[in-house]
Amino acid sequence: MPKTLITGISGQDGSYLARILVERGHEVYGAMRRGSTAKTDRLQEVNVLDKIQMCTMEITEYANVQTVLSDIRPDYIYNLAAQSFVADSFHFPHYTSDVNYMGVINLLEAVRLLKLDCRIYQASTSEMYGDVLEKPQSETTPFNPMSPYAVSKLAAHSLVKNYREAYGLFATSGILFNHESELRGLEFVTRKITSWLAKVKLFNHEPLPLGNLSSVRDWGYAPEYTEMMVKMLDHERPDDFVISTNTEYTVREFLEMAAREIGFDPVFEGEGLKEKCYDKKDGKLIAYVNPKYYRASDVVYLRGDNSKALNELGWQPKVLTPEIARKMAAYDLQLLNRK
Ligand code: NAP
Ligand code: GDD
């Protein structure tokens, strides 16, 4: 039975990945950082909490990382732990770098020094393309990061490549474009939209404040993307792969699709800071632009060329953005109705 360690087990991707690996017969160890309570809601939601072994690991502490790895001696490590919210990285650049970059040094050094024979997956990101130098972006597109988050992830990405080449580690980086789901954190724009609009609909909650509505993303479905993480580590050799849908939608379009699913008939009025979204049925304001949600510098266009994953891993995304918006909106309505 292969032993697999997942860092960031309590996050969106950690939960879906744990479910896939449990189904495949892996002995799964889930690493969590210490907290006043264990964050296990998502693991319960996907029904794997009692099928995995939890351990405490602080990725920023080398000695702790080494101890955990030497106790488990995993065959596979999926490093998903990160300060993953781009907007917060402008407020916490040191902390973001400690977790997202120094944490990766700790993992790679521990694997090297313990001489572990294991395969490592690093969660790289389309944010590394930043102010994009090519459309769409592929594995050969130069990086041009625009946030402390993206800089930290690019440093980690480069280090993984370096350890692969210098020490022959089986270390793969998945350059994943945005992926969303019913378990997405409430601070990311898709889930912020679906969870908030459900409250506007059911509880007459105040309208939804948003930042840049014209930002373009290539949104895929997290359960599918975590399957691709497993495929990447099962591949014959370590490499970098873009995982994306090669489609594009603006935040405004996502808002419109989610609003329809929730039962509004959205119309937009005004431009820039004055842009507002109303329900045509009764003229009610449902969303508006608030500059508080603008970023110091924002990535305004991401669209991934997934041909390498298609050719080498047989990747074909099935769930695309309109269906994701419908699924997430329906889930949030149902969740509130249950309450
Ligand atoms: P997420 O929901 O924010 O989960 C992040 C996980 O990292 C959580 O389990 C979190 O623990 C953990 N973590 C944070 N700081 C930590 C620390 N100091 N020590 C140990 N663990 C820590 O993120 P996600 O969407 O699942 O993404 C998974 C990974 O993929 C991340 O590395 C992210 O940067 C990357 N990524 C995500 C996307 C996307 O669109 N979702 C795209 C590309 C790359 P707590 O629960 O305790 O906070
Ligand atoms: N969060 C948020 N909140 N974003 C908003 C808002 C708002 O109110 N209004 C507009 N946006 C815009 C942001 O400015 C950004 O351009 C876009 O919506 C997406 O923002 P997020 O959903 O926060 O995601 P992200 O693209 O910054 O980062 C996510 O995807 C990356 C992959 O490209 C995260 O999951 C990262 O961890 C991941 O690496």
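This is a predicted model: local features need pLDDT of at least 70, side-chain atom pairs count only at pLDDT 80 or more; totals for chains, interfaces and linings use all residues.

Residues are numbered from 1 along each chain as its sequence is written, chains are lettered from A and ligands numbered from 1 in the order written, and side-chain values use heavy atoms, with hydrogens and water left out.

**Stop 1: ligand 1**

Select ligand 1 and show its shell, meaning residues with a heavy atom within 4 Å of it. You'll get 25 residues, of which Ser10, Arg33, Ser84, Tyr149 and Lys153 come nearest. By type, the shell splits into ten nonpolar, nine polar and six charged residues (nonpolar is Ala, Val, Leu, Ile, Met, Phe, Trp, Tyr, Cys and Pro; charged is Asp, Glu, Lys and Arg; the others, Gly among them, are polar).

Now colour by secondary structure, with helices (H or I, at least four residues) and strands (E, at least two) taken as DSSP runs numbered from the N terminus. Helices H1 (12-23), H5 (93-113) and H6 (148-167) and strand S5 (119-125) each give the shell at least two residues; S5 has the largest share, with three.

Next, look for N or O pairs within 3.5 Å. A polar backbone atom of glycine 11 sits 3.1 Å from an oxygen of ligand 1. On the nitrogen side, a polar side-chain atom of glutamate 58 is 3.3 Å from a nitrogen atom of the ligand, and a side-chain N or O atom of tyrosine 95 is 3.3 Å from a nitrogen atom of ligand 1. The protein covers 90% of the 900 Å² of accessible area that ligand 1 has on its own (Shrake-Rupley method, 1.4 Å probe).

**Stop 2: helix H1**

Select 12-23. Why call H1 largely enclosed by the rest of the structure? Ten of its twelve residues are buried, that is, under 20% relative accessible area (1.4 Å probe, protein chains only). Tyr16, Leu17 and Ile20 are among them. Their cover includes strand S1 (3-7) and helix H8 (222-234), where contact means heavy atoms within 4.5 Å. Just after H1, glycine 25 takes a positive phi of about 85°.

**Stop 3: threonine 141**

Jump to the loop between S5 and H6 for threonine 141. Threonine 141 is buried, at 2% relative accessible area. Its side chain makes a 2.5 Å polar contact with that of glutamate 134, and also reaches the backbone nitrogen of serine 138 at 2.8 Å.

Terms used:
A polar contact is a pair of N or O atoms within 3.5 Å; within protein, one must be able to donate a hydrogen and the other to accept it, and residues adjacent in sequence count only if both atoms are side-chain atoms. Buried means under 20% relative accessible area, exposed over 50%, partly exposed in between (1.4 Å probe, protein chains only).
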